[in-house]
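I opened my notebook to look up how a few pieces of this structure pack. Here is what I wrote down, entry by entry.

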Amino acid sequence: MTKNWIDELRTIVGPRNVITGSESLAWESDGLSLVRGMGQAIVLPLDTEETVRVMKLLAREGVPVVPRGAGTGLTGGATPVGGGVTVGTARMREIFSIDPVGRLAHVQAGVVNSDLSVAARPHGLFYAPDPSSQAACTLGGNVANNSGGPHCFMHGSTTRHVRGVKLVDAQGQVLDLLASPADPEGLDLVGLITGSEGMFGIVTEVQLNLEPLPEEVQTIIAVFPSLDAACDCVSEAIAAHIEASAIEILDKLTIAAVEDSIFAAGYPREAEALLLVEAEGGALEVQETIDLVMQLAKKHGAMEIRSAQDKAERARLWAGRKGAFGAMGRVAPDLYVADVVAPRTRLREIVALAIEIAEERNLRLGNVFHAGDGNLHPNIAYDRRDEDEVRRVLEAGQLIMEACIERGGSLTGEHGVGVEKMTHMCDLFDDDDLNTMHRVRDALDPKRRMNPTKVLPLRACREVRNGGLPFSPMGNLEAKT
Amino acid sequence: MSQTNASDRAHLLGQGSGCALEEVGELICLAPKDQGQLAEVLGEARRRSFFVLPIGAGSQLAWCRPDALDDPAHAPIPISLMHMAGVLEQIPGEGTVTAQAGTPWRDLAQAVEQSGECLPADLPGATTSTLGGILGAGRSGPNRLRYGPLRHHVLGMQVMLSDGTLAKSGGRLVKNVTGFDLHRLYTGSRGTLAIILEASLRLMALPEREWSFSIPVADCASGFTKALEIQQAMPRLHWLVLTRTQSELRLQGGLAGRASQVKTDQERVLTALGGTPESFDGQAPTERKRLGEEGAENRHAWDIGSPLTHCAELLGILEAQLPTETNLWVDCGAGRILVGPAGDAPVTEKPSWAETIGAEATSLRPLCVHRHLHDQWTESNPTTTQADWQQRLTRGLDPAGIFSMTLDPEKAPA
């Protein structure tokens, strides 16, 4: 395993920042713990300059590269299933500047999402995308996955907040798109890079738009006697053009898990479903939005509607929501977090289907999702030591995806494709679509060394249909390295 | 072949592909009736090594029209998708619309208004512009201050590549990260990568009420500084524009949204403005539309982008160099400066001062960047890696080079 080029990596970034052997076990998977892979090394450069030297060396050696932020992704995107070297941004933690006039932040890619909002707050600003993992996930990882979060209902996903990036490509060349004006000069390369799941290079620095802190924020919860009723309430609110900042739903199993955990938020345990709605902006528009939600919630049979009385209560309500994935650890040791998008007019139907699919396989399903965007997260609690349960979990995950796509939905709303959903790309796109994506990839990384065996089946759909993938997400999940 | 002009070559392509020719303004265009015929046109263009240019309605071409180029032998043959128009899907309650590229923007706006929604870009000057043309040109309206640029609201696309391949990316849902966002790449690519066939957009709630103001300012730099102050005082402004027409400088802006909120916010704006601004209630939409028309890009010759922190300084430099009768239209939220000759007619000739201003803007890099409007982006001066990426992408998607006339002049028809 020890090769001269690994010693050269140590020279570039320092011996402590090249991890090999048993010490690299912590990097063998990301949040999709079912998929594991061992590469040749993990390298942690400090900045763009070190990343350039690392990438030039790996290009010289023809070694595949797997970019990695905090490893909180949920689709195996940061797992070295195709071998190679994982290049992490864990040491790139500097916030270079916050420009209150231009409302821009310039940060290194390894800065943690929530740290940016903390730093921006004294300037009356915040960073809007707020994935549930925001206390751990990095901004570079958010760029790679075009991450979302509850408040993306109003503010949009990461791509709407990335003004510029600095990226080191597969050959070690620096693409500097920082200090850009509001509109790109030429092609929108920033838009292309955002959400490309590390397949064009490693983002080392990011320039992000910041938003003014809202003048008024109101948060309410509405308690429903059924999940169907909560879904119908949301669909009607969307049709009425409601301008809330977040619209979330939690089901009974999730509520119980949260209330039994350190994230206990005071959610009523008797609720079959809980609608969590926040509105922000001017005081009058916020009040009108909240009034409209309350009116619709009553119409759809809400048993109780409660407003957060102060900041502390609001923070508790959100801590419960954002801690829901972690809280599910009380139900079972492992959690499969699905991420699909439903047409917003068909929320009830697709949520019901997910429940049915899980029940048929005797699985414990918790629903917590961004209802306003139609972005569902059916979460299946399981024990990975139980092989049969793992099989049933994966089967259910695939069926939920297929059901969603059949009804006009999409594969992923914010977690990305990674390894998990690669084969299902052919359910949504045809050969020509995928080959066009390959043409773009090949133009920028002709040797396909950046994050191989992710997102795109190598030879589009033909490979999937012929069973020619290098590994099977449905079968043996140990990658062939 | 080098002696033929674009019109002659359009006739040749029309004969070879069976595609009808139509007049768009003064241009003779190929106007395919469907995707099959468009593929025939592109195939014929590849065989003959003719450049082609998707032009939408031709409303933004102005002095960069193919028939106005210095070397007509190298002028691209315009393709219009006027016959490939119409709304494909708008489901009440989804908040999205999908339409064919040839759909006039005005028709699209009217279609979505019926469901209490509006398009995410306010382009009142785009009376004839098409969806495909607007996306291809990367346009945004003044209300980007509130909603962000139009490209942020493009949810998916179907395009045709130069080899006739049909390719889609994204989808029709408001949230979706499946696959590469190639629709972001096509938006603003000015027809250099593919021909946009259809696109899906996110819709916004139609505002209940609008209000706008207009106030004279002494000079560009102080006007822009004032604009930043107003934005600090009122983060909910929908648009904010600094204009110079007929040598008069004005700062103009507006609010839109819930009626009660707009009414309250307008008092705060008036207080922050000081002086005696003109205030518009019932006429606010008319004022906004007038301002939008003044900002129509075909009235301008230069498009300069600058970070907000440098915009006041840059405006000061430009103001000192430009003839006083030139028009300015500055989107104060985006740091975008449009410079045009006097009058309100489309610019049909390159103004004498255009090169000077372009050189001035270039000399200030990275303080600002500039673009020829209506022209292809490769004439600008991006960093080496950026230019390299752009060329690789262009060659990757269009290896025949029929969309990218400025990419490699050597590829021009001999």
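This is a predicted model: local features need pLDDT of at least 70, side-chain atom pairs count only at pLDDT 80 or more; totals for chains, interfaces and linings use all residues.

Residues are numbered from 1 along each chain as its sequence is written, with chains lettered from A and ligands numbered from 1 in the order in which they are written.

**Helix pair in chain A**

I looked up α1 (residues 4-13) and α2 (residues 48-61) of chain A: their axes come within 10 Å and cross at roughly 170 degrees. Axes here are lines fitted to C-alpha atoms, for helices over the stretch in contact, and angles run from 0 to 180 degrees between N-to-C directions. So α1(A) and α2(A) are roughly antiparallel to each other. On the α1(A) side I found W5(A), E8(A), L9(A), I12(A) and V13(A), facing E50(A), R53(A), V54(A), L57(A) and E61(A) of α2(A). Contact means C-beta atoms, placed from the backbone, within 7 Å.

**Helix α8 of chain A**

Which residues of α8(A) are buried? I found T254(A), I255(A), A257(A) and V258(A) in this helix, residues 252-259. Buried means 20 or more other C-beta atoms within 10 Å of the residue's own (exposed is 12 or fewer, partly exposed in between; C-beta atoms placed from the backbone). The four cover an arc of only 165 degrees around the axis, so they sit on the same side of α8(A). The arc is taken from the directions from the helix axis to the C-beta atoms. Their packing partners in chain A are β13 (246-251), β14 (273-281), α10 (311-322), α11 (324-327) and β18 (364-369).

**Between the chains**

I then turned to the contact of chain A with chain B, which takes 67 residues from chain A and 69 residues from chain B. On the chain A side, α15(A) gives the most, with nine residues.

I noted L284(A), E285(A) and E288(A) of α9(A) meeting S260(B), Q261(B) and T264(B) of α8(B).

Definitions and conventions. Helices (H or I, at least four residues) and strands (E, at least two) are DSSP runs, numbered from the N terminus. Two residues are in contact if their C-beta atoms, placed from the backbone, lie within 7 Å. Angles under 35 degrees count as roughly parallel, over 145 as roughly antiparallel, 65 to 115 as roughly perpendicular and the rest as oblique.
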